[in-house]
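Colleague: Please put the model up. I have some questions about its build and its contacts.

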Amino acid sequence: MMNTKDSQISDKKVGLFVTCLVNTMRPSVGFASVQLLEEAGCSVEVPELQSCCGQPSFNSGDDEGTRQVAKQVIQHFEHFDYLVVPSGSCASMIKKHFVEVFQDQPEWLTRAEHLASITHELLSFLVDICDFEPKNVSLDGSYTYHDSCSGLRSLGVYEQPRKLLSSVEGLEHKQLTASTECCGFGGTFCVKYTDISNAIVGEKTENIVATKADYLLGGDMGCLMNMAGKLNREGHTEIKTLHTAELLTGQRPEAMQNKAMENSGGNDASK
Amino acid sequence: MQANKPQNFYKNVSEALAQPNLKAIIRRTTDKADAKRAEAVSNFPGFENARTQGQKIKDHVIKHMDHYLAEFEKNAKAQGAIVHWASTGEEATKIVMDICKQHEAKKITRSKSMLGEEIGLSHALDHSDMERIETDLAEHIIQLAGDPPSHIVWPAMHRSREDVVKLFRSNHKSPTQSEEIIDLVRSARRDLRTKFLTSDIGISGSNFLLADSGSSCTVTNEGNAELTITPPKVHIVTAGIEKLVPSMAHAVPLLRLLTRSATGAEITQYITFHNGAKREGDADGPEVSHIVLVDNGRTKMLADGMEEMLRCIRCGACMNHCVVYKHIGGHAYGSVYPGPMGSVLTPHIEGLEVANKQTHACTLNGRCEEVCPVNIPLPKLLRALRAKSWSKKYEPITNRFVVSAYAMLASRPKLFQLSSSMGVVMMKLFSRKGWIQSMPFTSGWTSNRDLIAPESKTFMQQYKKQRKSSNTAEKQQ
């Protein structure tokens, strides 16, 4: 299992920033993240004192609110070697935008810059830093992938999840038309402009359904909840929406097959 | 159609989304533009370098705006042009209208210009006793329809061929019975050509103002800008001060970016550099040449830290690639400039208080910045406008309350965890088979989609419990 670019990865302490959506709506993504990071050889800690990355404040233009939220993230995570987030948009918030709100506060700016330097999105961290390759995972079926905007454009997450998923035996990729086009979530946008958001996600689900894939995968809970919620409302219950980490670990009943594999402990990919 | 207002954005959006064919009509243009741009960029290996170069040229001019404005004025005057300065749109329109009156003009030909729209020139001409004749075919179509433009490059993109057939049949003197494009173009030509050749004054915009020569550059596909320059005795250029470039050598790299980003073409049919009034020995050209340089909020943008927006070369790529624009179209924005660039510009023209809703109508997905030929960080600028709107308390009180309450909780992790656990308990009450179809205060979400129901406990609750039991197990061992 250990095959790492950062040869001393096991000496490094990883703080997992769970994100508010994973914490409340989808804990299995958090457990899957811990599992994957440990399989990649990291020593993982989940600080109890954590809340949210502050995007609702930042995207609403409330800079003072953003600073308040950002300060506690900095305080509780700056001592780690790495801060890892199972979400591109939250990772981008911490990595790219915290520094923007501390331009007039030099001491906090330095701390925000340090935090930015250790912050990574989960799937790209596993590939780029840990050189991790999932082993003995198999799942009969097909998936299509939605590339969430912040991860894609702000952090360059595109190849990494595909690379991880290519290690899953039996799993076939079906290309999603306009996979890099926004799903219409946009945080507060989707409730503020619910009708525009609905029109956008409606087009996205049309493309998803057309792939006839068994699984819709992504790396951001917000976008996944948006697309899953629309698919369910439209009656497309045949498509199971999962965070990539959930599929890679079998942390959800929908992807139980590979968990069963893991329990049997075998290298046998046949079912 | 009546022009929408920016302050009625919510209503405009509802109306746009209710139009059954709007999306298909928009897509007909934007999908083609998107594909052709992608092809043009892939055929231009130096595109990324060109973008950086384009950005640097614009940034240099913006930084030394005072110098280049003075240089342009000096050289334009030397070419025989009369240079005017207008600090507002009203001032600019008044200068133009006064010139028209002074020459007792009856017929005015105009070449498509967004600056002209911005300063309200079409409106002013329509409310005078002069006849406004549009030389751009799409502008002619929307003039007949009474529509404002819906896109900065394709102003009539919201009109179908069927619409054009109807408009031409009821407005042209000898209309065609055919519905073929070539026959429709001929019908317009029959109606307009004589007017073009007999107009008193021509008004055009400008794509680039060249400081070292005092020339103005226009970029068209129909040669229509030339129709406003050559036949009439008087020519007026109206241009925003951000159109300045130091020289021809700087205009060309920007031209290469502009045409590829706008239509995917390597070059347009007509690119004209024109210099002041007709001189002795010149074969043609206007006897009198005016240039009206317009500020209208631009220096304020510079002062307000929005200088990156002044790089804009008006290609329209940001709107062609915007998921929001592609669903609501240009008219919904209620302003001259729609889409991402419009949502940044309009608050500086119409005021942030009336145009702040548009700054929120964006998912901050970053696609516009990715395709911008001069690297304008549009999401960053939109976010900065939201911050300004927040600090000026323009945001609705309910939004302010919810967002402030969130920040209060999220900056106190213990309290945040507690309220998250309580939220999970609440949500479980409304869960049916793993989904929530509706619950109080979530209609923004559940009116259009279901909500994934949470598991029984938060991650943190489950994780703590797990750690506790594994610690106990370790101790027992």
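Modeller: One definition to start: UniProt positions are given in the numbering used here, feature names are shortened, and annotations may be inferred rather than shown by experiment. This is a predicted model: local features need pLDDT of at least 70, side-chain atom pairs count only at pLDDT 80 or more, and totals for chains, interfaces and linings use all residues. Residues are numbered from 1 along each chain as its sequence is written, while chains are lettered from A and ligands numbered from 1 in the order in which they are written.

Colleague: Which residues of chain A does the "domain: Cysteine-rich" annotation cover?

Modeller: The annotation comes from an unreviewed UniProt entry.

Colleague: How far apart are the end C-alpha atoms of residues 14–95 of chain A?

Modeller: Helices (H or I, at least four residues) and strands (E, at least two) are DSSP runs, numbered from the N terminus. By that count the span is 59% helix and 12% strand. Its end C-alpha atoms are separated by 15 Å.

Colleague: Why is chain A as compact as a globular protein of its length?

Modeller: Chain A has 14 helices and 8 strands. The globule rule is 2.2 Å times the number of residues to the power 0.38, and the radius of gyration is taken over C-alpha atoms. For 271 residues the rule gives 18 Å, so chain A is as compact as a globular protein of that length, with a radius of gyration of 18 Å.

Colleague: How far apart are the C-alpha centres of domain 1 and domain 2 of chain A?

Modeller: Domain bounds come from an automatic or database domain assignment. For chain A it gives domain 1 (9–128) and domain 2 (135–264). Their C-alpha centres are separated by 22 Å.

Colleague: Which element gives the largest share of the side of domain 1 of chain A that touches domain 2 of chain A?

Modeller: Contact means C-beta atoms, placed from the backbone, within 7 Å. On that basis 31 residues of domain 1 of chain A meet 25 residues of domain 2 of chain A. Elements supplying at least two residues of the domain 1 side include H1, H3 and helix H5 (88–101) of chain A. The largest share, 7 residues, comes from H2(A).

Colleague: How many residues of chain B are in contact with chain A?

Modeller: Chain A brings 54 residues to this contact, and the count for chain B is 49 residues.

Colleague: Which elements give two or more residues to that side of chain A?

Modeller: Among them are helix H2 (27–39) and helix H4 (63–77) of chain A. Also included are helix H11 (194–211) and helix H12 (221–233) of chain A.

Notes:
Two residues are in contact if their C-beta atoms, placed from the backbone, lie within 7 Å.
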